Amino acid sequence: MSDRKLAPVPPDDGWSPRSWRARPAAQQPDYPDREALAQVLRELQALPPLVTSWEILALKQQLAEAQEGRRFLLQGGDCAENFEDCSAEVISNRLKVLLQMSLVLVHGLRLPVVRVGRFAGQYAKPRSADTETVDGTTLPSYRGDIVNAPAFDAAARRPDPRRMVKAHARSAMTMNFVRSLIDGGFADLHHPEYWDLGWVGHSPLAEEYRRMVAGIGDAVRFMETLSGSEVHNLNRVDFYTSHEALLLPYEEAQTRQVPRQWGWFNLGTHFPWLGMRTTALDGGHVEYLRGIRNPVAVKVGPSVTPDQLLRLVDMLNPGDEPGRLTLIHRMGAKHVATALPPLLEAMRRDGRRVLWVCDPMHGNTEKAATGYKTRRFANIRSELEQAFELHAAAGTRLGGVHLELTGEDVTECTGGARDLTDADLARAYRSTVDPRLNYEQALEVAMLVVRKQAQLAAPRGA
Ligand code: PEP
Ligand code: CO
């Protein structure tokens, strides 16, 4: 079948980068100054793109391979980036922890890993309410740095379209720094010790990690001795970006046509996804996403029915194109065993081609007694382990994980190798939105994915 036949949208069906405007779009700010908004969108449209169509198509190919079980997807980063944290240290530490996790996964799963950051554009946040009331004062909710500022005062909370230009610039700086680090050999497999974060010396996981790194170093040297030459491509890895396609005027302004390619691409990110609150079949977000050629993902929560999911898949991937659609389930440790199997069964029965990914974070958010929003590592672990088992039982394949994490030493999720408690949360709680895994907890998740897969692959009774 030619690529053209797999076009997400037939040329005459009325889709355009702005056709979402005729639909109800949830979670959009109310910009008081419409003229300033229009001016910003014109400015954004004229700026160069952040990514290219060939990178997007290469990622789609890798995701198609993940669907077939020939790769594993690691997608992770902050819940929300903020303008302040666009710094060398934060960006390189986050890159390091993602690289370390991918090393653990490659080594343990014996599969290439598709690396996708939740960064270089993850600035918009869905909220449960449009407004927030404190001591009798009601203001618009904070919707992420691309829209307004978190401080509770009228000026900070006023949606400001200029913030989109700033978010675009910060995304470009992040992207540029990540690309330079990787091109400069930061991810060189000859020197994984460069990826060490300070913790490695004193973590309970350090020994396991060091043993693995030493093993990889030996393997690389062995191959080089055998072949008599340097193993190439080990000094370079691919890194892709993703963010929630929430703020539709911004996404529309990033949607472009390119020479020698048909159709439209969102060139603001490689891999946009829809959050759980914006998947209405007749809503603006699904309308926008269905017409672009990027690979796309959708978060699937516990209230989605098999019928709704099938209709969503029909809209977003009518041609059953390989690599096009990823479904990220985020059910919560308590609900996954009941909510997931009917969805897996419906998709399997209909023979739909999707990549299944587990987000074990967003269904497990709770409030600690001390008032902090947190997640217990035991619940994250439980959801992930159950997900692997449920897929194995359904005859489907869990092909990736989606995580909120940081390379910083924060205390936002409890539990893990260091067994953080509610009392530890106050020590280094830095997230303005959801609690993230710190570097150690993130690495622990990678290790548990490997262990779980090995356990499922082992012959029964072994
Ligand atoms: C998120 O990924 O930060 C998020 C808000 O997720 P969800 O849409 O799954 O709740
Ligand atoms: Co989040």
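Reader: Does glycine 400 count as buried or exposed?
Author: This is a predicted model, in which local features need pLDDT of at least 70, side-chain atom pairs count only at pLDDT 80 or more, and totals for chains, interfaces and linings use all residues. Residues are numbered from 1 along each chain as its sequence is written, chains are lettered from A and ligands numbered from 1 in the order in which they are written, and side-chain values use heavy atoms, with hydrogens and water left out. Buried means under 20% relative accessible area, exposed over 50% and partly exposed in between, with a 1.4 Å probe and protein chains only. Because its relative accessibility is 0%, glycine 400 counts as buried.

Reader: How far apart in space are glycine 400 and leucine 74?
Author: Glycine 400 is found in strand β14; helices (H or I, at least four residues) and strands (E, at least two) are DSSP runs, numbered from the N terminus. Leucine 74 is 326 residues away from glycine 400 in sequence, yet their C-alpha to C-alpha distance is 5.8 Å.

Reader: Which cysteine sulfur is nearest to cysteine 358?
Author: A disulfide is a pair of cysteine sulfur atoms within 2.5 Å, and a search of the whole structure finds 0 of them. Cysteine 358 is in no disulfide; at 14 Å, its nearest cysteine sulfur is that of cysteine 413.

Reader: How many aromatic pairs does the count come to?
Author: Rings of Phe, Tyr and Trp (its six-membered ring) pair if their centres lie within 6.5 Å; planes under 30 degrees apart count as stacked, over 60 as edge-to-face and the rest as tilted. By this rule, the number of aromatic pairs is 4.

Reader: Are the rings of phenylalanine 119 and phenylalanine 239 stacked or tilted?
Author: Phenylalanine 119 lies in the loop between β2 (113-118) and β3 (131-134) and phenylalanine 239 in the loop between α6 (206-227) and β5 (240-244), so the pair ties together parts 120 residues apart in sequence. Both residues are buried. Their ring centres are 5.9 Å apart and their planes are at 25°, so the pair is stacked.

Reader: At what angle are the planes of the rings of tyrosine 372 and tyrosine 429?
Author: Tyrosine 372 is partly exposed, with a relative accessible area of 25%, whereas tyrosine 429 is buried at 18%. The ring centres of tyrosine 372 and tyrosine 429 are 4.8 Å apart, and the pair is tilted because the planes are at 35°.

Reader: What is the phi of alanine 120?
Author: Alanine 120 is found in the loop between β2 and β3 and is buried at 1% relative accessibility. Although alanine 120 is not a glycine, its phi is positive, at about 60°.
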